[in-house]
Amino acid sequence: NMSVSGSLYSLVAVVPPENADSTEEENILGMITISTYCEHHKEAISHVLGADCEQSCRQSRADGAEEGRASGSLAYILTLGIAENFRRRGLAKELIQRSVAHVEKNLPMVQAVFLHVV
């Protein structure tokens, strides 16, 4: 997993090579990416939190979040994907649960995690 200044977080599920000494690459089974950047959630935040982005995120900064860091009040799931052969096994659920746990532990200013399904 990786967090970039607290604003982007990605978690990738992989299968390592069978032999630890192998030069084979890991196989990616699934991935999730979450953003707290206002640019990613400003259109949806009023539907989720009942207030616009400027009001909600400004309040989060006033409550102690550092300027320029993960100051958004909403964590938006940008991507969630599972390799076709590994679907329907609970992998997406596990990625979401671990990502929400990361948000709860490391981003106390976030009030909700949001996923828009098309």
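Q: In this predicted model, which helix holds Arg98?
A: Happy to start here, with a single residue and its place in the fold. The helix in question spans residues 91-106, and Arg98 is found in it. Its name is α4.

Q: Which residues is Arg98 in contact with, leaving aside its neighbours within four places in sequence?
A: Contact here asks for heavy atoms within 4.5 Å. Once the neighbours within four places in sequence are set aside, two partners of Arg98 are named. They are Tyr9 and Leu11.

Q: How many Å apart in space are Arg98 and Ile32, C-alpha to C-alpha?
A: In sequence, 66 residues separate Arg98 from Ile32. In space, the C-alpha to C-alpha distance between Arg98 and Ile32 is 9.9 Å.

Q: Which side chain meets that of Arg98 in a salt bridge?
A: By the salt-bridge rule, the count for the model comes to 1. Side chains of opposite charge can pair when their charged atoms come close. Here the N to O distance is 2.7 Å, and the partner of Arg98 is Glu94.

Q: Why are Glu94 and Arg98 separated by about one helical turn?
A: Both residues belong to helix α4. The separation is about one turn because Glu94 and Arg98 are 4 residues apart in that helix.

Q: Is Glu94 buried, partly exposed or exposed?
A: Buried would need under 20% relative accessible area, and exposed would need over 50%. Glu94 has a relative accessibility of 33%, so the residue counts as partly exposed.

Q: What pattern does the protein follow when read along the sequence?
A: Let's step back to the whole chain. The protein has 4 helices and 5 strands. Read in sequence order, they give β-β-β-α-α-α-β-α-β.

Q: Which residues does Leu95 touch, not counting residues up to four places away in sequence?
A: Leu95 is one of the residues with the most contacts inside the largest nonpolar core. With residues up to four places away in sequence left out, Leu95 touches Leu11, Ala13, Gly30, Met31, Ile32, Leu80 and Ile82.

Q: In which sense do β2 and β3 pair, and which residue of β3 does Val12 stand opposite?
A: The pairing of β2 and β3 covers 8 bridges and is antiparallel. Val12 lies in strand β2.

Q: Which residue of β4 stands opposite Met31?
A: On this pairing, β3 and β4 run antiparallel and are joined by 6 bridges. In β4, the residue opposite Met31 is Gly81.

Q: Which residues form a nonpolar patch on the surface?
A: Together the patch residues have about 310 Å² of accessible area. Val12 is partly exposed, with a relative accessible area of 36%. The patch residues are Val12, Val14, Ile28 and Met31.

How values were computed:
Residues numbered from 1 in each chain as written. Predicted model: local features only at pLDDT ≥ 70, side-chain atom pairs only at ≥ 80, totals over all residues. Heavy atoms only, no water. Helix = DSSP H or I, 4+ residues; strand = E, 2+ residues; numbered from the N terminus. Core = buried A, V, L, I, M, F, W, Y, C linked by side-chain atoms within 4.5 Å. Buried < 20%, exposed > 50% of the residue type's maximum accessible area, 1.4 Å probe, protein only. Patch = residues over 30% accessible without salt bridge, like charges linked within 9 Å, V, L, I, M, F, W, Y side chains within 5 Å. Areas by Shrake-Rupley, 256 points an atom, 1.4 Å probe, with all protein chains shown as cover. Salt bridge = Lys/Arg side-chain N within 4 Å of Asp/Glu carboxyl O. Pairing = 2+ DSSP bridges.
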